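I opened this notebook to record what I looked up in one model. The sequence and structure come before my entries.

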Amino acid sequence: MSELGIAIDMMALADLGQPTKIALEIHRQLRTQFGSVPRRIPLDGIAKAIGIIGIQIYEGVSFDGTLMIGPNGGAIGIRAGMRSGRHNFTLGHEIGHFLIPTHRIRQKFICEPVDMRRMRSTNFDQRPEQERIEIEANEFAAALLVAAPEYREERKKLGKTCDVSHVRALAETFDVSQEVMAKIYVNQSHEKIAIVTSHNGAVKRVITPQQGFPYLGLKKDAPLPKNALKHSFAKTSAINSISDLVETATDAWLERRGNITALYEQVFLQEEGWAMTLLIVEERDEDEETDDRNWNRRSSRYSSFR
Ligand SMILES: [Zn+2]
């Protein structure tokens with residue numbers, strides 16, 4: 001597929017204010033042209049089609065991305081040396097600033113690494129405009145990079161059960177960072193799962209679904225729980241090893257057990273001290289006494305590991 005061939009109907013985007021709606025409209029147009037949204041979304045071609053006249057790579061800068069808008073279109077700058085997933089997210093973010101109508105009050109955007117991590121919170125409306133536009137550009141980028149129907153198709157190929165290795169595999173398929181993919185994986189999962197990223201045994205990122213996962217009480221930079229599987233597994237296993245999914249005591253991770261009947265844990269040891277831990281919880285339904293489907297669900301997990 002030639003990226004030169006991408007056409008984007010800007011009129012169809014013009015009425016859409018919401019970042020994710022703009023991304024979905026681009027997906028719709030790509031599907032019309034190519035039958036499906038390419039797994040590795042052709043960002044350079046999209047940028048060109050919407051009026052970005054150049055994408056430059058800059059050495060030795062502190063920003064991740066920048067966008068300048070002039071009378072003839074936009075120009076994007078990206079910091080050199082980023083991994084391709086992060087590069088793509090940054091490019092998507094700058095395309096977002098260019099396309100989201102309310103961001104057009106400015107002609108110049110300089111987006112620092114901290115801006116790329118800004119996320120929506122309940123006080124969104126009270127946050128400074130500067131932060132709100134960064135959050136919106138991030139939401140646009142995440143929505144643009146991984147199209148939901150294409151994600152579900154790829155996820156289905158990996159089987160029904162959750163496995164921490166899926167995050168890296170899907171991140172490679174869609175050419176996004178593992179962090180971006182982990183969020184999608186957690187939120188699209190049919191099971192109640194969380195993913196904890198750690199570095200040298202310290203918590204770096206806790207990704208839980210938007211609702212329904214029990215409180216983990218983990219703080220950034222605090223040590224992983226002392227009974228976390230990562231500690232014992234790392235002693236006996238090499239980098240890039242993935243543990244089995246094992247049942248663990250709920251109090252190894254959860255402050256309060258609540259309705260949780262079982263907790264499963266799986267760890268993936270990655271380069272330079274990084275690790276990704278998958279947690280799966282099973283809950284007691286209120287009508288469990290009379291409903292044996294829960295039992296069947298649990299026993300199906302066991303059977304898949306025997
Ligand atoms: Zn930005």
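**Basis.** I am working from a predicted model, in which local features need pLDDT of at least 70, side-chain atom pairs count only at pLDDT 80 or more, and totals for chains, interfaces and linings use all residues. Residues are numbered from 1 along each chain as its sequence is written.

**Overall.** I counted eleven helices and nine strands, taken as DSSP runs (H or I of at least four residues for helices, E of at least two for strands) and numbered from the N terminus. I noted a radius of gyration of 21 Å, close to the 19 Å that the globule rule gives for 306 residues, so the protein is as compact as a globular protein of that length. This radius is taken over C-alpha atoms, and the rule is 2.2 Å times the number of residues to the power 0.38. The C-alpha trace spans about 65 × 40 × 40 Å along its principal axes. Buried residues (20 or more other C-beta atoms within 10 Å of their own, C-beta atoms being placed from the backbone) make up 33% of the 306 residues.

**α3 and α4.** I looked up helix α3 (residues 43-50) against helix α4 (residues 84-99): they pack at about 15°, with axes 11 Å apart. Axes are lines fitted to C-alpha atoms over the stretch in contact, and angles run from 0 to 180 degrees between N-to-C directions. α3 is therefore roughly parallel to α4 (an angle under 35 degrees). L43, I46, A47 and I50 of α3 meet N88, L91, G92, I95, F98 and L99 of α4, contact meaning C-beta atoms, placed from the backbone, within 7 Å. By class, this contact has eight nonpolar, two polar and no charged residues (Ala, Val, Leu, Ile, Met, Phe, Trp, Tyr, Cys and Pro are nonpolar, Asp, Glu, Lys and Arg charged, the others, Gly among them, polar).

**α4 and α6.** The axes of α4 and helix α6 (residues 129-145) come within 8 Å and cross at roughly 120°. N88, F89, G92, H93, G96 and H97 of α4 make the contact with E136, A137, N138, F140, A141, L144 and L145 of α6. I recorded six nonpolar, six polar and one charged residues there.

**Positive phi.** D221, in the loop between β6 (202-207) and α10 (229-236), has phi near 75°, a positive value in a residue other than glycine. N240, in the loop between α10 and β7 (246-248), also has phi near 75°. Is N240 buried or exposed? N240 is exposed, with 11 other C-beta atoms within 10 Å, the cut-off being 12 or fewer.

Definitions and conventions
Angles under 35 degrees count as roughly parallel, over 145 as roughly antiparallel, 65 to 115 as roughly perpendicular and the rest as oblique. Two residues are in contact if their C-beta atoms, placed from the backbone, lie within 7 Å.
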